[in-house]
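Here's a quick briefing for anyone meeting this structure for the first time. Have a look at it, then read on.

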Amino acid sequence: MAAKIKKGDKVIVLTGRDKGKTGEVLRVAPEENRAVVQGVNLVKRHQRATQTNEGGIFNKEAPIHLSNIALVDPKENKATRVGFVVKDGEKKRVAKRSGDVIDG
């Protein structure tokens, strides 16, 4: 099945403590139905000092479930669902809100 959300897409968070935040998808794990979004779902991680790296407490993006994020419509800058249309023999992603093709 074709992916509705891919790496590099701009998405908006629909639920949770980061509701309303937008960011770019850094990584998608389709087998787990999760994605890592830049600047969203930040958690603190304690890092032990090594010879090369300094120790301390760092903020890191944790994966978020795909059902809690939605693609941002390129035309209206609001959340949209994703549909698929076959054009010129290729399957393209389409924003349901505006009808714009997402993939060039």
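The largest pocket has 14 lining residues, and Ala3, Lys4, Ile5, Leu66 and Val82 are the ones nearest its centre. A pocket here is an open set of points on a 1 Å grid over the protein atoms alone, where a 1.4 Å probe fits and protein lies on both sides within 12 Å along at least five of seven lines; lining residues have an atom within 4 Å of a point. Keep in mind that this is a predicted model: local features need pLDDT of at least 70, side-chain atom pairs count only at pLDDT 80 or more, and totals for chains, interfaces and linings use all residues. Residues are numbered from 1 along each chain as its sequence is written, and side-chain values use heavy atoms, with hydrogens and water left out.

**The pocket**
- Its volume is about 270 Å³, meaning the space filled by probe spheres set on grid points joined across faces, edges and corners.
- Strand E7 (residues 69–72) gives the largest share of the lining, three residues; strands are DSSP runs of E, at least two residues long, numbered from the N terminus.
- The lining splits into ten nonpolar, two polar and two charged residues (Ala, Val, Leu, Ile, Met, Phe, Trp, Tyr, Cys and Pro count as nonpolar, Asp, Glu, Lys and Arg as charged, and the others, Gly among them, as polar).

**The sheet**
- Six strands make an open, antiparallel sheet in the order E6-E3-E2-E1-E7-E8.
- At the edges sit E6 (64–65) and E8, each pairing on one side only; two strands count as paired if DSSP finds at least two bridges between them.
- Strand E1 (residues 10–13) runs antiparallel to E7, with three bridges joining them, and isoleucine 12 has alanine 70 of E7 as its bridge partner.
- E7 also pairs with strand E8 (residues 79–80), again antiparallel, over two bridges: valine 72 is opposite alanine 79, and leucine 71 partners threonine 80.
- Six residues lie between E7 and E8 in their hairpin, and asparagine 77 in the turn has a positive phi of about 60°.

**Rings and charges**
- The charged end of lysine 91 sits over the ring of phenylalanine 84, 5.2 Å from its centre (that takes NZ of Lys or CZ of Arg within 6 Å of the ring centre and within 35 degrees of the ring normal).

**From the record**
- An unreviewed UniProt entry annotates residues 4–31 as "domain: KOW"; such annotations may be inferred rather than shown by experiment.
- That stretch, residues 4–31, is 0% helix and 43% strand, with its end C-alpha atoms 14 Å apart.

Key. Helices (H or I, at least four residues) and strands (E, at least two) are DSSP runs, numbered from the N terminus.
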